[in-house]
Amino acid sequence: LQARFRANHLCQVQHHHYMNLRQAAISLQSAVRGWNARKRLKQQTRAAVMIQSTWRVYFARKTFVSMRSITIKLQRTVRANQLCQRMRCEYMELKQATVTIQSAFRGWRVRKSVSLQQKAATTIQTTWRTYMAKKTFLSLKQATVKLQARFRANHLCQVQHHHYMNLRQAAISLQSAVRGWNARKRLKQQTRAAIMIQSTWRVYLARKTFVSMRRIAVKLQRIVRANQLCRKMRHEYMELKQAAIAIQSAFRGWRVRIDVCLQQRAAMTIQT
């Protein structure tokens, strides 16, 4: 009995020491991963700021050049219009009607294109979110089923072990009263063998439980990281989409102004 008590006490001490080491390892892993994530975020932020600043300088320079050329063309047009004001009245009425029709048609075409693009983007986002939700739910369901099976098996093992210990204690008491010293000697040998078997079995169960819990933790970490990456990619996609819309609007305005200038030149050529 003393050997059994000492073995149980030693097992509890080792288990407590193992849990402390495991908690310390988890804390260190979380700290290192957080530092790596913050470092990558800083590098990506710097790169994004550099790209945005370069693009804004290029866009401002391009806008300035286009505005200067447009200003020069407008000055030439005004000077030419001062020489032919009488004939310009009828031309301006026709031009205004043409511009109104063109602007209405182009606006309708642009609105239709934007509506189709928004519908396509909404369909893609809905399909992707449904797929990710189903995948997350299935992985969590599998992990829950595994945990429940493990808990029920451990509980059944403890009940059977307790029942076995009660039966064994009764058998030992009867045998010690009948058989005497020889029975006590054999009992000591059997007790030592049982203690060794139990210690080996408990070590095996503890190791197996640790491996299964570590696998489940790794799966949960992968799921969390995948969700964070999905949110980050969606945020970047929305920023790129907003920038593309701004570029498209600027380019269409510049193209409309170029068309107007070409029409004005053609009208001047016809008038002269």
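Modeller: Let us start with Arg215, which lies in helix α3. A helix here is a DSSP run of H or I with at least four residues, while a strand is a run of E with at least two, both numbered from the N terminus. This is a predicted model, in which local features need pLDDT of at least 70 and side-chain atom pairs count only at pLDDT 80 or more, whereas totals for chains, interfaces and linings use all residues. Residues are numbered from 1 along each chain as its sequence is written, and side-chain values use heavy atoms, leaving out hydrogens and water.

Colleague: Is Arg215 buried or exposed?

Modeller: The label follows from relative accessible area: under 20% is buried, over 50% is exposed, and partly exposed lies in between (1.4 Å probe, protein chains only). Arg215 has a value of 57% and is therefore exposed.

Colleague: Which residues make the nonpolar surface patch?

Modeller: Trp55, Tyr58, Phe59 and Ile247 make a nonpolar patch of about 380 Å². Helix α1, spanning residues 2–83, is the greatest contributor, with three residues. Tyr58 belongs to helix α1 and is partly exposed, because its relative accessible area is 45%.

Colleague: How many salt bridges does the rule give?

Modeller: The rule asks for a side-chain nitrogen of Lys or Arg within 4 Å of a carboxyl oxygen of Asp or Glu. The count comes to one salt bridge. The partners are Asp259 and Arg106, whose closest N and O atoms are 3.5 Å apart. Asp259 sits in helix α3 and Arg106 in helix α2, so the pair ties together parts 153 residues apart in sequence. Asp259 is partly exposed at 25%, and Arg106 is partly exposed at 26%.

Colleague: What does Lys95 touch?

Modeller: A contact means heavy atoms within 4.5 Å. Setting aside residues up to four places away in sequence, Lys95 touches Val260 and Gln264. Lys95 is found in helix α2, residues 85–179, and is buried, since its relative accessible area is 14%. Lys95 and Gln264 are 169 residues apart in sequence, yet their C-alpha atoms are 9.1 Å apart in space.

Colleague: Where is Ala121 placed, and what does Ala121 touch?

Modeller: Ala121 is in helix α2. Residues up to four places away in sequence not being counted, Ala121 touches Tyr237 and Lys241. With a relative accessible area of 11%, Ala121 is buried.

Colleague: With what is Arg168 in contact?

Modeller: Arg168, also placed in helix α2, is in contact with Thr191 and Ala194 once neighbours within four places in sequence are left aside. Arg168 is buried, as its relative accessible area is 16%. Its C-alpha atom is separated by 122 Å from that of Arg86, 82 residues away along the chain.

How values were computed. Patch = residues over 30% accessible without salt bridge, like charges linked within 9 Å, V, L, I, M, F, W, Y side chains within 5 Å. Areas by Shrake-Rupley, 256 points an atom, 1.4 Å probe, with all protein chains shown as cover.
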